[in-house]
Each structure stands twice: as C-alpha cells, then as structure tokens.
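Hi everyone, thanks for coming. Please have a look at the sequence and the model on the screen, and then we'll walk through a few spots together.

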Amino acid sequence: MNIKIHRAKWVLVSQEKVMENGCVTVANGRITAIGRGGGTHLEGEVLDHGAGVIMPATINAHTHLELSLLKGRIPGKEDFLSWVKAIIHLKDCLTNKDIHQGLLSGANELYKYGAVLAGDHRSVSMQFPDTYWPVIIRFREYLRLEPAEILCDLNKDKYLSLAAHAPHTTAPELIKRMKDETKRHGRIFSVHLAESPEEAEFITTAKGKWAGLLNERGVKFSSWGLPAKSPVSYLDDMGVLDDKTLAVHLVQAGPGDLDLIAERGACVCLCPRSNNRLIEELPDIPAMLKRGIRPALGTDSLASVETLSLFDEMAFISESFPSLNSGDIISMATVNGAKALGMGEELGTLEPGKRAALLYLPVYTSSASMLIRSLAAGSFKGLPEVIR
Ligand SMILES: [Zn+2]
C-alpha cells in the first residue's frame, strides 16, 4: 500500500480545528489519520512541506469555464442588461475550438488556485477529458424562453446535471421539467436566482427593461404567472426550492426570501466579486448566516472577474464584511461548497475516510487564530500547491 505522511507547521482540519505540528496520513488517495507530532513512528513516506499550512482544497461551486476566453473582452462598467447583451454577442462569436480551449484553460486555472471540485454551468454538451483533479460537475444550462425538450441524458455521467439559467430567462415549464429530471436522478439542480435589479423588477411587476426586451423579441410571457412577490418566492411557488437546489447569487433577496431559503434547506452559492462588478451590490451574508444558511462560494466566469481563485473571493469578502468570522469565510470556500455540490462526504474538510484533497500554502504565522485570519484575508504571498 502506498502510504504518505504529509507534515507541516500547521494543519487546518476544519473551520474549528487547527493542529500545530500536524500530519495527515494518506493511503491510496484517502485520508487515513490526522495527528500531531513528528510522524517518524508511523510507517510510510514522510513529506515535510514546511512552516506553512496544510488545508482542505477549495471548492468553486459556480463557474462558466466556456467563457474563459472572454477574459478582459468587456471593459469598464456597464449596466447589467448591456453586459448580458455583450456576452450573448461575444459568445455567439466563439467557435467550438474556442469553447474547448476555454474549458481546458479554465480547468487549469481552477487547479492553479487550489480548487479540486467545481460546479460549472455550460451551454454545450461537449465532453471534457477526464482529469483526476479538478472534478467538474457539469450543469447543462438551458436558457429558453419557450418550453423545450431537455436534450441531455443524465444516465451518461454521474457528474452531469442540469441548470436553468434564471427565472427571467427560462420558461417556468422548462424550469419545473429540469428540476423533476434532476430529482429523479438524485442530482443537484443549479439556477441563477435574484441576481440583478432588472430580474427582480421583471418578476415582481412583469414590466421594466427586461419585459421590454422580451416584447421586442416577440416572446409571450403572459402564462408565466407574473407578477410574483419576489424571484425566490416565484421559484418556491413552482416547487423548485429544496435541499438539492443550488441558488446562485441571491443579491435581490429580502428577509422573507432568506427565511424561505432557510426553511426549504436550499443550498446557496455566492459570487460577490462578480456582483460587485456587474451590479455594484452584494448579497447580505450576515443575514444568511444568522438564519443558518451556509453559503458556498463561486467565482462566476472570467468575463466578470479577474481570476478563478477562491482565495481572491475570500479576501474580497473579508474586506467587504469585516465583522464576519474568518472561519465562516473559509468554510464557504471549502466544506459548504462540497455539501452544495453533493460531495460533503468526500471533500471539504480533512477527515479520515475522505479523499485526500490537500493544499499546502506558504502562510507563516505564530498562532492558530492569526492563521485563520490570514487565510481568509489572503494576506500571504504565493500560490496554493495541490499535494499529490
Ligand atoms: Zn453565473
């Protein structure tokens, strides 16, 4: 049996537990033990990584890797609708080769920043070459204003699932059909929800800029059941919110909406850097935590953020919400993401039996509390190294 003992000055086992002079024993890709001490009494190859920290690898719960080649192509601040129109136009110009290249370079970037699992919305059924890491859950995303057939067989691949683009861009019949299909297969259903003011205006009034755009394009939405109280309650009325639905963004969500999300046990993924760039608003993270919601983090695509790094996302949250607990922020980028993507038993913390998805980071501190703060705030130099 191939046994390796990974040592470091610090081992971050989970948000609550940090071990000084810790070691993680790995056999055949699984963690078998975690303990203190030199490790010399143990059988196996001992690898001393240094004075930094070994921690669980990050989980990026929301990406659009197919848009990776659009990085830097939409300069400056635009309103949300102009951004959406620019994306649609630029995406139409991408060839299959561009998309494939985007998927590959995006996956490489995820790995470079220490993510071993991602939830990726994609509009193409293109197969991705199998890699050990990162594991990519492919949410085949449908953006259709009329009901349509789902041309995607979930039996083909255990890492395949479905996503509706958003309540204002996808016909309700199709949203319900997709949710039923994912439920039948025990998969996570992902959907952008309550992201922009334009979406909220359309859902709550059936009027506004988005309604104007639909009217211009001859799309009839009189049967959509609008206006509704809010985007969240609109999806809840469809019966779509449950513990296997991943609601992405939740910026336009008031106290009643967050109560509903908590009550249904729906999973949440936040992409604050993308929200800041596109709508200059942020989700109410303290209100979510207060209700027991444990949000995961995603980066969204390189069309709206500079990097696919969850360390950058954590640093942005630390700066924007200085009163948040650093351990809670680290949980968002690790264990919460693993649970949101249905892999909480396998990834997200360092525990015997879980997959050995470990990072080593050059974070040099003198105390466990300072270590957690430094990790959440990104106050260290260098990149995480995925330990193989
Ligand atoms: Zn997105």
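I'll start with the metal site and then turn to some backbone details.

A quick note first: this is a predicted model, where local features need pLDDT of at least 70, side-chain atom pairs count only at pLDDT 80 or more, and totals for chains, interfaces and linings use all residues. Residues are numbered from 1 along each chain as its sequence is written, and side-chain values use heavy atoms, with hydrogens and water left out.

So, which residues hold the zinc ion? The protein donors are His62 (NE2), His64 (NE2), His192 (NE2) and Asp300 (OD), at 2.1 to 2.3 Å from the zinc ion. Donors here are N, O and S atoms within 2.8 Å of the metal (3.2 Å for Na, K and Ca); water is not among the atoms, so sites may look incomplete. His62 sits in strand β6 (residues 58–63) and His192 in strand β10 (residues 189–193), so this pair ties together parts 130 residues apart in sequence. Strands (E, at least two residues) and helices (H or I, at least four) are DSSP runs, numbered from the N terminus.

Is His62 buried or exposed? His62 is buried, at 0% relative accessibility, and His192 is buried too, at 4%. Buried means under 20% relative accessible area, exposed over 50%, partly exposed in between (1.4 Å probe, protein chains only).

Now the backbone. Ala194, in the loop between β10 and α4 (197–205), has a positive phi of about 55° although it is not a glycine. Finally, a cis peptide bond joins Leu226 and Pro227, with omega about 5°.
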